[in-house]
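The sequence and structure are shown first.

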Amino acid sequence: MISSSRVAFSLVILSAAIAAFSKLLKNPPTKKKKPSLQCIVKEEPSSQCIVKKQPSSHCSVDNKDMISELPDDILILIISYMPLKCGIRTSILSNRWKNLYRYLSNVKLNCGDLLSRHLLEARSDHNSSLVFYSLNRFLKLRSGSEILFFRLSCCLSRHQFIDLISSFGGLGVRTLDLVCLSHCSINNCFFPFEFLSEIPSLRYFRLSSCILQQPTLESEFRFNSIQILSLSYVVLCDGAVEFILSNCLSLHSLRIVNCDCPSKLCFSGPGLRLKSLYIFGCGDLEEIEFYADNLVLFEFFNHVLVNFVFKHAPRLESVFLDVFNENVTPFVFGKLAKDLLNLKSLTFTKDHYFKGSIESMETDMFSKLRRLNLSLISGPRIDLFTLIPFLKNCPLLEEFILNINFLENEGPEEKKQAVGLHSELKKVEISGFVGTENEIEFALYILKSAVGLEKLVMSKCLSIYMGTINCRTRSENRWSEEKHEMISRRLRGQAISETAQVVTQYAAHFQDKWVVEDDVKVFL
C-alpha cells in the first residue's frame with residue numbers, strides 16, 4: 001500500500017513539473033525558423049497577383065498549473081501528509097507555495113528534524129542548545145498562526161522547556177505530546193509541569209520519559225484548560241499526582257502507563273472532576289485510594305494486584321481488571337462487589353482457579369450489572385456450566401462476552417440439563433469457540449434460557465479486551481466444513497426468543513451499546 005506521505009510528495013513534485021513546463025511554454029527558446037506563408041491568388045482586373053500572408057494554425061496548449069490553483073486549504077492538507085522537512089521544502093517551488101507550510105495545524109518534530117545530518121552522525125549526545133535554537137527559530141516563523149497539535153521528541157533541559165512552554169502559549173496549541181529523550185545529553189529531565197498554566201488553550205497533554213515532582217514554590221497554579229492527561233514512562237515523585245489533581249481543575253481523564261510510582265496513590269481532592277482513570281504496568285504500586293465523586297471508569301492492567309481502597313466512589317460504574325500473576329476472582333466476588341454497589345460493567349481476566357470462587361458468591365451480588373466481559377485463558381479446560389450461578393446472580397445483565405482459550409481441548413463432554421431464566425439478557429458473544437460438546441451445550445443453554453435474546457455470536461478466533469487502548473485478536477485455523485455444519489445444525493431453531501439471531505463466524509466483530517463520550521465510556 002502506498003503511504004499518504006508518498007502520495008502528497010508525488011503531488012508536490014508533479015505540481016513543480018507542471019509549473020516548470022508551463023514556464024517553458026510561455027517563454028520558449030528562440031530558434032530561427034523559416035516563415036510559413038500561404039498564398040491566395042485572386043484575379044483582378046489589372047491581372048496582378050495579390051499575395052496575402054495568413055498566420056499558420058497552432059494547437060492550443062493549456063499552460064495552467066492545476067495543482068497550484070487548488071485552494072489553500074487543500075494544498076495545506078497535501079503538505080500535512082508529508083514529513084515536516086519535505087513540507088518546508090515546498091516553499092521553494094514558487095511564490096504560491098512560499099508560506100503554505102506555516103499554516104500546518106499538526107506539527108511533528110524530533111532532533112533529526114532540527115539538526116543537520118552531519119551533526120547527528122558526529123555526536124549521539126548532541127548539545128540540547130543547538131536543538132533549542134533550531135526549535136525556537138521554527139516557532140518564530142509560526143508566529144501569528146495556530147498549531148492545534150504539536151508532537152516533540154528531543155532532548156531539552158528544564159529551563160529550555162520553560163522557555164518552550166512560554167512560546168506555545170501564543171500558538172493556540174490544544175494537543176501537546178512531549179517525549180524527553182533520555183539517551184541525549186539530558187539524563188535526568190525534571191519537567192516543569194507547573195508552567196503549563198501559560199498555555200491556556202491546552203486540552204490534551206501527553207508526557208513521556210521524564211521526572212515529575214511536586215513544585216517547591218508556594219505559589220498556587222491552576223490549569224483550568226487541561227482535560228486529558230497521559231503519562232508514560234514517567235518517574236512520579238511523592239506528591240506529584242496529588243499536585244496534578246489539585247491544580248488541574250478540568251481534568252476528566254488520566255492515564256498512567258509504565259510509570260515509576262510511589263507505593264501508594266491517592267485520587268482525591270476538592271472538586272475533583274476525574275471521570276476515567278487508567279493504570280497500566282506500574283510495578284511498584286501497592287495501594288490505590290479513591291475518594292472521587294465523579295469517577296465513572298477505572299481500568300487496571302498490572303503484574304500484581306494492589307490494595308484498592310474505595311472510600312468514596314458513588315458513580316463508579318465500569319471496571320476493567322487484568323492481573324498477570326494473581327487470581328483476581330476472589331477479589332472480584334468479594335471486596336469489589338461489596339464496595340461498588342452501582343457497578344454496571346465488569347471486565348476481567350482469570351485463570352483456572354474459578355469454580356471455588358463462583359460457589360462462594362452471594363445471591364444477587366452484582367444486582368445492577370448490565371455488561372460482563374469475562375476471559376478464561378491459560379488454564380485447563382473447565383466446565384462452562386460453572387458460569388451459570390454467576391449469570392443468575394446478575395439479574396439485570398443485558399450483554400455477556402465470553403473469551404475462552406484453554407491449554408487443552410479435553411474436558412467435560414457429557415450433556416447438561418441446567419434450568420434457568422435470564423429475562424434481560426439480549427446479546428451474547430463467545431470468542432475462541434472451538435466447537436466442543438461442552439461449548440455447544442452451553443450455547444444451547446443460552447438459547448433456551450434467554451427469553452429476550454437478540455443475538456448470539458460465536459467466533460473461532462479469540463478476542464480479548466485489553467482496555468481502552470486496544471483489543472487483541474489471535475488468528476486460529478478455521479472450522480472444517482463438517483464441524484461448521486454440525487455446529488449450525490445443533491443450534492438451529494433452538495432459541496426460545498422469536499427474535500434471536502445466531503451467528504457463527506471466523507473473527508469476532510461485536511457491536512455493543514457503549515459509546516465514547518469525552519474519552520469516557522458511558523453506558524447508554
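This is a predicted model: local features need pLDDT of at least 70, side-chain atom pairs count only at pLDDT 80 or more; totals for chains, interfaces and linings use all residues.

For Cys-189, which takes part in no disulfide, the nearest cysteine sulfur belongs to Cys-180 and lies 3.9 Å away.

| Residue | Relative accessible area | Class |
|---|---|---|
| Cys-189 | 6% | buried |
| Cys-266 | 16% | buried |
| Phe-308 | 1% | buried |

Cys-266 counts as buried because its relative accessibility is 16%, the cut-off being under 20%.

Phe-308 belongs to strand E11, which spans residues 307-312. Which residues does Phe-308 touch, leaving aside those up to four places away in sequence? The contacts are Ile-288, Phe-290, Phe-298, Phe-300, Leu-321, Phe-331 and Lys-335. One of these contacts, Ile-288, is 20 residues from Phe-308 along the chain, yet the two C-alpha atoms are 5.1 Å apart. With a relative accessible area of 1%, Phe-308 is buried.

Helix H7 runs over residues 158-168, and its buried residues are Gln-160, Phe-161, Ile-162, Leu-164, Ile-165 and Phe-168. An α-helix has 3.6 residues a turn, so residues three or four places apart point the same way. The packing partners of the buried H7 residues are helix H6 (128-141), strand E2 (149-154) and strand E3 (175-180).

Technical notes: Residues are numbered from 1 along each chain as its sequence is written. Side-chain values use heavy atoms; hydrogens and water are left out. Buried means under 20% relative accessible area, exposed over 50%, partly exposed in between (1.4 Å probe, protein chains only). Helices (H or I, at least four residues) and strands (E, at least two) are DSSP runs, numbered from the N terminus. Contact means heavy atoms within 4.5 Å. A disulfide is a pair of cysteine sulfur atoms within 2.5 Å.
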